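Colleague: I am new to this structure. Could you walk me through its packing, one feature at a time?

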Amino acid sequence: MAEVIAQEKQSGKQKKKLIRVDMTPMVDLGFLLITFFMFTTNFTKPNVMDLGLPAKDPNPRPIETVIGDQNQITFILGKDNRIFYHQSNAKDLNTSNLKETDFSGIKVSKIISEAYKNAPKPENFTVIIKPTDEANYKNFVDMLDNLAIAKKERYGVTDIKPWETKIYKELTQ
């Protein structure tokens, strides 16, 4: 550990001995401690969201089901935490049909439940989520939470269509 060198230096009246400390065991101990703490620490686990995706069908067949305007509701996630919804097609959508709401309370869940009650075929009722380029991830997660609150498992996420973008831009400018 510490080694005393027998060479003596005389400077004045006192005799000084040179002392050399061997650092090798200290370095070994340092690496052992680093290794111990690396193996015993808890690393943060990534937060993931569970999406209820259907199992892959081994025998896929074309789906002929067409969802009508009243059997679906479309939510457009915009900038500044704004959310718009409609139950229209490309011909009928205008600035009066595209309504706005927000994420406060359970407004979105109530809108989904009302649209479900008014659907002609509730078994085909689908919620469509269309985030814009200005939307943030938090709003998307809030939307999925509202779907869970409304207990609706049939939903889709897709890009916003050009005809919806046109009406959306008119309302946000």
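This is a predicted model: local features need pLDDT of at least 70, side-chain atom pairs count only at pLDDT 80 or more; totals for chains, interfaces and linings use all residues.

Colleague: Which residues of the largest nonpolar core touch the most other members?

Modeller: The general idea first. In soluble globular proteins, nonpolar side chains tend to be buried together. A nonpolar core here is a set of buried Ala, Val, Leu, Ile, Met, Phe, Trp, Tyr and Cys residues joined through side-chain atoms within 4.5 Å. Buried means under 20% relative accessible area, exposed over 50%, partly exposed in between (1.4 Å probe, protein chains only). The largest core has 20 residues, and Ile73, Phe75, Leu77, Ile112, Val127, Ile129 and Met143 touch the most other members. Two or more residues each come from β3 (72-77), β4 (83-86), α2 (107-117), β6 (126-131) and α3 (137-150). Helix α3 gives the most, five residues. Helices (H or I, at least four residues) and strands (E, at least two) are DSSP runs, numbered from the N terminus. Another core, of seven residues, lies apart; Ile76, Leu93, Ile167 and Tyr168 are among them.

Colleague: Is Glu164 buried or exposed?

Modeller: Glu164 is buried, because its relative accessibility is 1%. It sits in helix α4 (residues 162-172). Contact means heavy atoms within 4.5 Å. Beyond neighbours within four places in sequence, Glu164 is in contact with Thr74, Ile76, His86, Leu93 and Lys130.

Colleague: How many aromatic pairs are there?

Modeller: A pair of aromatic rings is described by the distance of the centres and the angle of the planes. Rings of Phe, Tyr and Trp (its six-membered ring) pair if their centres lie within 6.5 Å; planes under 30 degrees apart are stacked, over 60 edge-to-face, the rest tilted. The count is five. One of them, Phe84 with Tyr168, is edge-to-face, at 5.6 Å centre to centre and 80 degrees between the planes. Phe84 lies in strand β4 and Tyr168 in helix α4, so this pair ties together parts 84 residues apart in sequence. Phe84 is buried at 1% relative accessibility, and Tyr168 is buried at 2%.

Colleague: What about the rings of Tyr137 and Phe140?

Modeller: That pair is tilted, because the centres are 6.5 Å apart and the planes stand at 35 degrees. Tyr137 is exposed at 57%, whereas Phe140 is buried at 18%.

Note on methods:
Residues are numbered from 1 along each chain as its sequence is written. Side-chain values use heavy atoms; hydrogens and water are left out.
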